[in-house]
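Keep the 3D view open as you read.

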Amino acid sequence: MSEQLPAPDFDAQNYARPNQNYICGHACDGNACRLGPDQKGNCRATAECKPVLKLKEGETKGRWVCTRTGGECEFGPLPDGSCCKPIPKCSPVPTLRLWRGRITLAVVAASCGVLLVILGNPPWRNNFISPGVVSDPHSGAAFAALASTNHLNQSCGACHVAGNSGPNPMIHAALRADPGVFDLKKLALAKAEEPTAIDSSCLKCHSGRNVHQPNAPQISCSFCHAEHQGKVIAATTDASCSFCHGDVAKMAVVPRYNNPPPPVIHHFADDHPQFKFITEKLRDPDSLKFNHALHLTGTTIPKLPGGEKLDCVFCHQPDATGALMKPVAFEKNCRVCHSLQFDPETPQLQLPHGNVDFVSAYLRSLPKQYLDLAMKLGSADANDFAAKKLAGLRMQFGDGEALEQRVFFSTATFGPEAQIGTLSGATRSLFPGCAYCHEVKTSAAGAAQITKPVQVERWLAQAKFNHAKHLNVACATCHDAVHSKDTADILLPARETCAVCHSPRGGVADTCAECHTYHKPLLAR
Amino acid sequence: MNRFRRQLFFGLFALLAATAGALWLNAKYNALPNYAYLTGWALLAGMFVLTIYNVRKKLPFLPLGKSETWLQIHIYLGFFTTLLFLIHLNFRAPHGWFEITLAWLFVLVSGSGIVGLFFSRVLPRRLATRGGEVIFEKIPALRHALKTEAETLSLGTDTKSVVIAEFYTKRLASFFTDPKNFWKHIVESRRAVNALLAELEDLRRFANDTEKEKIEKLTALVRQKDGLDYHRALQLALRLWLFVHIPLTYGLMIFTALHIVLVFGFSGGAR
């Protein structure tokens, strides 16, 4: 090893010793001693020289001699052999390096102290180490009650092995963790679908992990649900869904009972499949005959009683939640235009709606109906009033059987058969017969049978939809009703229509969870 | 390859490596269920290498490579580790007292490191531009010498100028006794010393020839003291950032150790 020599201009008399803990207290005056303080900060200055005892031949006591560098001093050593010129001691000054070391030690001590104090105090500890607010379902009185019922710890310990424990058990829990602290291989090779230790905590209250499709792998709860993220458990992200649905290999092995594998989906606007009602050309099974185009754009459609034009909102009203629409009802939405007046000259009498037997019974009780009407109108001769009305009907339709057939089966809106209900000014529309709107069949006994209309509540049953969130969009944007003449038309938008807004370009959320729910309903599990 | 090119090369390489690593990790987010654990261990390894640089400086006798090389590695690894820290957090703000404290410690250590890097690149050039070469540890002695000289000049027995003596007592005594204008020197402001020099210039109007000569000497001493204060301020700044960087590094390592215990003790393998 080569010895490093000082530079030629190195002033050994004035060496500042910056890498040592203390410097001479006289350094600030420019009079630092050559020796300098020791490592503990003690001044090592003694005197200007260290006298030497010289003994001449034959002497026993000898004589102290000054050894000062630069020549002997004027007075020489004292009789006891000490120098007569002691150097005044200084108070060594800590260097910046020592201060830095002291501050470092203080920070380390403070860190350890604060952590030990906090970890040793359970209420402080739980608040301090919690990585965020626990969601409402997993905190509060309701959770404590449930945990108590299940004989679980009512706080952190309900889910965490090391919950409600001090520093020592925490370290033990960490060392016993699976995967272990240093088990990097297992951490790197772990698969998302593998259950984790924390899942067993979920299963203390939640029944099983078979919450998705029956052929889907069971994945760890924590893969989708991140706790300690706020009062509401964070919504599942697209990344979680794409873990399976965006993976060709995973989707290819999903058994689908002779059907092709499910499509791979990354983003709604890009590769979400078209809605099934379009691809499979589904038709609305409702037997009611309704022409949306006629009702919305027809020139013969009269104004509503208030003078307004008939529009979508008159028939389609939101339910209490605002999410879906109430079913259209005859009494509320149709009768205002479509009266069931069968006698043109007696608008007060109208057929009942909703039950074939009631209609038949009503028609067969017409003499009684006319008599009651006469009484109600205060006619002087009620029997004569009823007899005339019945005679008029007989003139028009023949017998009661024919009238009943006409009421149930006629669909004519023109010609003599269309006379039922026609009375200019008295009624507002024709009543051609039940079959005009309904599917009317004949039973084996010859009686009329009306197929009950079916209004499908949800077409896209696996998706959520909320009309209330779409109030700023006109109905016609999504529902092409003005071009629909057939009841069988399903007036729902195609995927592309939704993606106009629900896409990165449209700026409206397009996550999977926006429409879909991962967990199947409890009853279906 | 000169120093600048070598630093540029390493800098670009570190940046590219960090970006590629970040992109790879981000792409693997779904494929690696234990993304947070793995990035955490990588982050800890980076922090460990960064921390032992201080240990290496204390062991100069061991053949562990040149300190300059260690410093370069420390700087580039520091930037990479900061990026890794953001990846570990998944670019989201931490929650909870402990994690927030831990994150702030990391931010303070990284931030003080960046400030230190900035100082070590900028302040030596400013010192060289200002001129003079002063050893930091000798500044108190030099200041004392200047003070003694100024005192002798202003208050010495051969002085018969009451004006200069009074001016020294009121305005210059404290200036020569202690270091002055630390922050003004850091921000390169000469307003304070210029004001003092202007007062000395004003004093010349009431002085005779002998006094003017003394005032000129005093002006030169004020300039020297200001230069000394400038060196002290900048050299102190070059050392003071370490008072934040090093102590907080050890605090960070203690909190990190607890973080590991909490993660493995509480998470139960949760992703």
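Helices α2(B) and α3(B) lie roughly antiparallel to each other, because their axes cross at roughly 155 degrees. Angles over 145 degrees count as roughly antiparallel, under 35 as roughly parallel, 65 to 115 as roughly perpendicular and the rest as oblique. To find them, look at residues 35–58 of chain B for α2 and residues 67–88 of chain B for α3; the two axes come within 9 Å. (Axes are lines fitted to C-alpha atoms, for helices over the stretch in contact, and angles run from 0 to 180 degrees between N-to-C directions.) The crossing of α2(B) past α3(B) is left-handed, meaning that the near helix is turned anticlockwise from the far one by less than a right angle; clockwise would be right-handed.

Residues that make this contact include B:Ala36, B:Leu43, B:Leu50 and B:Tyr53 from α2(B), and B:Trp70, B:Leu77, B:Phe80 and B:Leu84 from α3(B). Two residues are in contact here if their C-beta atoms, placed from the backbone, lie within 7 Å. Sorted by class, the contact of α2(B) with α3(B) has 13 nonpolar, eight polar and two charged residues. Nonpolar covers Ala, Val, Leu, Ile, Met, Phe, Trp, Tyr, Cys and Pro, charged covers Asp, Glu, Lys and Arg, and the others, Gly among them, are polar.

A word on the model itself: it is predicted, with local features needing pLDDT of at least 70 and side-chain atom pairs counting only at pLDDT 80 or more, while totals for chains, interfaces and linings use all residues. Residues are numbered from 1 along each chain as its sequence is written, and chains are lettered from A and ligands numbered from 1 in the order in which they are written.

Now zoom out. Chain B has nine helices and zero strands, whereas chain A has 20 helices and six strands. (Helices, H or I of at least four residues, and strands, E of at least two, are DSSP runs numbered from the N terminus.) In chain B, 25% of the 271 residues count as buried; in chain A, 16% of the 525 residues do. Buried means that 20 or more other C-beta atoms lie within 10 Å of a residue's own, exposed means 12 or fewer, and partly exposed is in between, with C-beta atoms placed from the backbone. Among contacts in chain B between residues at least 6 apart in sequence, 79% join residues at least 24 apart.

The contact of α4(A) with α9(B) has seven nonpolar residues, one polar and no charged.
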